[in-house]
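Hello,

Here is the structure we talked about. Please open it first, then read the notes below it.

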Amino acid sequence: MRRALRLLALGLLLAVQGMAGAATPSTPATVPDTIEQRVAACIACHGREGATTNAGYFPRLAGKPAGYLFNQLVSFRDGRRFNTDMAYMVQHLSDAYLREMAEYFAGLQLPYPPVSPVSDATPEQLQRGRQLVREGDAARGIPACVQCHGAALTGVQPAIPGLLGLPRLYVSSQLGAWLTNERHAMAPDCMADIGRRMSTADINAVASWLAVQPMPVDTKPAASLPAPLPVKCGGMPAK
């Protein structure tokens, strides 16, 4: 009887030790030190691999010119652009690190979601938006958007962004930030000058028209413009 109890106790002890061993967490897997892993925080707002979300505000990052993305990251870090989350994330990052992030997102070639042609803008608003985008308003010193952002409006290398495939709210808010002097770029700040010449109605018209335009077959930024920029812009290298 005594021998049986000792064997039972030994069995219970071995079982407890086995359970304890099973409960011991294994060595955590090593997190890969890659640029994909390091920019994972961007996905929370900008969507999978920076391709934007359906939240209606955050801009697409994938495929934008690297020079443009780098300039924006630097502006958030240095206080020319204002967003609490963005400033917190990049405030201690070096130029080299920001450029690496920009080049990563610029290299992503992801499909754009279908663009809905439905809009609550009036036909007159959409026509005014098309006019400003395609022709500008010479009497008020407003160049056409296509003169800088390319005939296809997909941007121009190395630092002019595309205007298609962006949420309407984002486009209108950024144009409004130029108008109200809340957003700045490297001098000469061409968009600040242009934005201040636009009215709220102009901004809503442009954003509404751009938001319903289908994406072209080739969504990549143009390699260059057919003519010089109509205004000097600090983000683009002088030729």
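**Salt bridges**

Arginine 168 and aspartate 120 meet through their side chains in a salt bridge, 2.7 Å from N to O. A salt bridge here is a side-chain nitrogen of Lys or Arg within 4 Å of a carboxyl oxygen of Asp or Glu. Arginine 168 lies in helix 9 and aspartate 120 in the loop between helix 6 (95-106) and helix 7, so the pair ties together parts that are 48 residues apart in sequence. Helices (H or I, at least four residues) are DSSP runs, numbered from the N terminus.

Before going on, note that this is a predicted model: local features need pLDDT of at least 70, side-chain atom pairs count only at pLDDT 80 or more, and totals for chains, interfaces and linings use all residues. Residues are numbered from 1 along each chain as its sequence is written, and side-chain values use heavy atoms, with hydrogens and water left out.

Back to that pair. Aspartate 120 is exposed, at 63% relative accessibility. Arginine 168 is partly exposed, at 34%. The cut-offs are under 20% relative accessible area for buried, over 50% for exposed, and partly exposed in between (1.4 Å probe, protein chains only).

The count of salt bridges comes to twelve. One of them joins arginine 140 to aspartate 202, with the closest N and O atoms 2.6 Å apart. This pair also links distant parts of the chain: arginine 140 is in the loop between helix 7 and helix 8 (146-149), aspartate 202 is in helix 11, and they are 62 residues apart. Arginine 140 is partly exposed at 33%, whereas aspartate 202 is buried at 4%.

Aspartate 193 and arginine 196 form another salt bridge, at 3.3 Å from N to O. They are three residues apart in helix 10, about one helical turn. Shared partners join Arg128, Asp137, Arg140 and Asp202 into one salt-bridge network.

**Helix 11**

Helix 11 (residues 200-211) has twelve residues. From first C-alpha to last, helix 11 reaches 16 Å, close to the 16 Å expected. The expected span is 1.5 Å times one less than the number of residues. Its buried residues include Asp202, Ile203, Val206 and Trp209. The buried residues of helix 11 pack against helix 7 (123-134) and helix 9 (168-179), where contact means heavy atoms within 4.5 Å.

**Cysteines**

How many disulfides does the model have? The count is one, taking a disulfide as a pair of cysteine sulfur atoms within 2.5 Å. Cysteine 190 and cysteine 233 form it, with sulfurs 1.9 Å apart. Cysteine 190 is in helix 10 (residues 190-196) and cysteine 233 in the segment after helix 11, 43 residues apart. Both cysteine 190 and cysteine 233 are buried. Cysteine 45 is in no disulfide; the nearest cysteine sulfur, from cysteine 42, is 8.9 Å away.

**Rings**

The whole structure holds three aromatic pairs. Rings of Phe, Tyr and Trp (its six-membered ring) pair if their centres lie within 6.5 Å; planes under 30 degrees apart are stacked, over 60 edge-to-face, the rest tilted. Tyrosine 57 and phenylalanine 58 have ring centres 5.5 Å apart and planes at 85°, so they are edge-to-face. Tyrosine 104 and phenylalanine 105 are also edge-to-face, at 5.1 Å and 70°. Ring pairs link Tyr57, Phe58 and Tyr170 into a cluster.

Best wishes

Key:
Helices (H or I, at least four residues) and strands (E, at least two) are DSSP runs, numbered from the N terminus.
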